[in-house]
Amino acid sequence: MMNTARSATADAFARAPLPKRFCNLDRLLHAMKARGLDGIVATAPWNVFYLTAFNGIAHKSDEPRPYAVILSRHMPDHPVLILADYYLATFLKQPTWVEDLRPFRAVMMPLDLPAQRSDIDRFIPQDGAEASWIAHARTAYAFDMASAVRRALKDLRLEHGRVAFDDMGFGFRLEVEGLEVADGYDPLMFARAVKTETELGGFVRDPGGMVWGHPRGTDPALTLATGLEHDVVEPGSHVMFDCHGTIDLYCWDGGKTWVVEGEPEGAAKRFADATARVAEMLLSAMRPGTRISELQAKGREIYRREGVPDPASAVIFFHGLGLSHMDIEQRTADGKSNVDWMLEDGMVVPVHLLYPGGEHERFWLEEVVAIGNDGGKPLFSWGFGPLTREGSIKQNH
């Protein structure tokens with residue numbers, strides 16, 4: 001992208017935002033009326049994309065989706081989109097006809113620190129902070145997805161109605177008394193069967209695996225790439241890669257920070273060294289019986305000891321890995337939430353570390369760890385340092 005000839009070629013393949021709406025809404029409303037449905041809740045990625053133009057990248061296989069679109073047949077002009085907080089800034093690049101966006105506190109947020117309504121500000125870039133829908137999203141911020149969906153059902157007067165879900169299990173798990181859960185597969189397929197003119201025109205929608213966004217200047221906001229970015233990569237920039245793939249259907253995951261044509265300097269070097277130290281210590285602590293909140297607290301304490309200015313801002317999170325990027329039960333056998341889950345021998349768990357900052361300071365590392373009684377064993381042999389000048393990998397352990 002720094003080469004003029006390559007830029008000219010890249011321009012020919014530059015993507016443009018999709019239309020705000022391309023679904024066959026009238027046909028969907030007809031299908032809902034014919035089946036006696038008051039509302040519909042879609043969580044499958046294809047249906048969410050179809051209804052909102054939102055493509056939630058990164059999620060694979062059968063893992064739970066951190067988004068839901070809710071449509072009332074009686075209030076068709078007021079759909080609601082519930083989504084993980086880290087996806088909110090997507091709509092600054094890819095607009096949607098859904099004006100009521102309601103983010104919730106998701107996996108990247110710490111369990112070792114109390115939830116705060118200001119947590120959403122981590123994910124709002126400075127250049128989009130004044131948008132009216134961002135202001136509404138701030139006020140609607142919830143601390144979990146289920147409560148956000150229940151509130152939306154109530155606001156749309158669907159809590160006592162007959163509502164179809166494309167994932168009926170999700171509907172039953174909401175445990176809304178008086179709500180009749182129905183199957184949403186057929187009404188959505190009925191709508192999707194007849195294409196709108198936009199769909200017939202065709203478009204590219206796939207941005208691939210999860211890729212971090214990179215606000216310019218000193219903006220420390222955490223965003224995900226949409227595939228619509230077309231900025232030039234400047235020397236000295238810190239570019240954060242989060243790579244996904246599969247081998248025989250089993251997922252792999254991993255990430256590094258690329259310092260373009262250079263190495264971390266000044267405060268950035270301290271952040272890089274501190275992150276490497278956190279990774280080293282956490283691998284040793286990732287043993288059976290340890291809970292996620294304990295690992296987050298330990299990692300934050302190491303950041304504090306390493307002298308970074310704001311340890312509370314560090315993003316430290318984990319998920320299971322296997323046939324999906326989850327492979328963790330959402331509720332235990334006694335019906336309790338499993339958000340603060342416990343490591344077990346034989347698990348495979350990626351550790352994600354991000355110290356936020358501007359384009360010359362931010363630092364990101366992801367390592368996949370096999371859990372054993374002697375501590376975690378890393379999947380990769382590339383160390384904890386950044387990708388630096390000439391594409392080399394600086395070893396920090």
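I started with aspartate 77, which counts as exposed because its relative accessibility is 72% (exposed is over 50% relative accessible area, buried under 20%, partly exposed in between, with a 1.4 Å probe and protein chains only). I am working with a predicted model, where local features need pLDDT of at least 70, side-chain atom pairs count only at pLDDT 80 or more, and totals for chains, interfaces and linings use all residues. Residues are numbered from 1 along each chain as its sequence is written, and side-chain values use heavy atoms, leaving out hydrogens and water.

I found aspartate 77 in the loop between strand 2 (67-72) and strand 3 (80-84); strands are DSSP runs of E, at least two residues, and helices runs of H or I, at least four, numbered from the N terminus. From aspartate 77 to leucine 200 I read 24 Å, C-alpha to C-alpha, across 123 residues of sequence.

Next, the cysteines. I found zero disulfides, taking a disulfide as a pair of cysteine sulfur atoms within 2.5 Å. The closest cysteine sulfur to that of cysteine 251 is in cysteine 243, 14 Å off and too far for a bond. Cysteine 251 is buried at 10% relative accessible area, and cysteine 23 is buried at 7%.

Last, a helix pair. Helix 9 (residues 267-285) packs with helix 10 (residues 292-305) at about 145 degrees, axes 9 Å apart; axes are lines fitted to C-alpha atoms over the stretch in contact, and angles run from 0 to 180 degrees between N-to-C directions. I noted contact residues (heavy atoms within 4.5 Å), including Met281 of helix 9 and Ile302 of helix 10.
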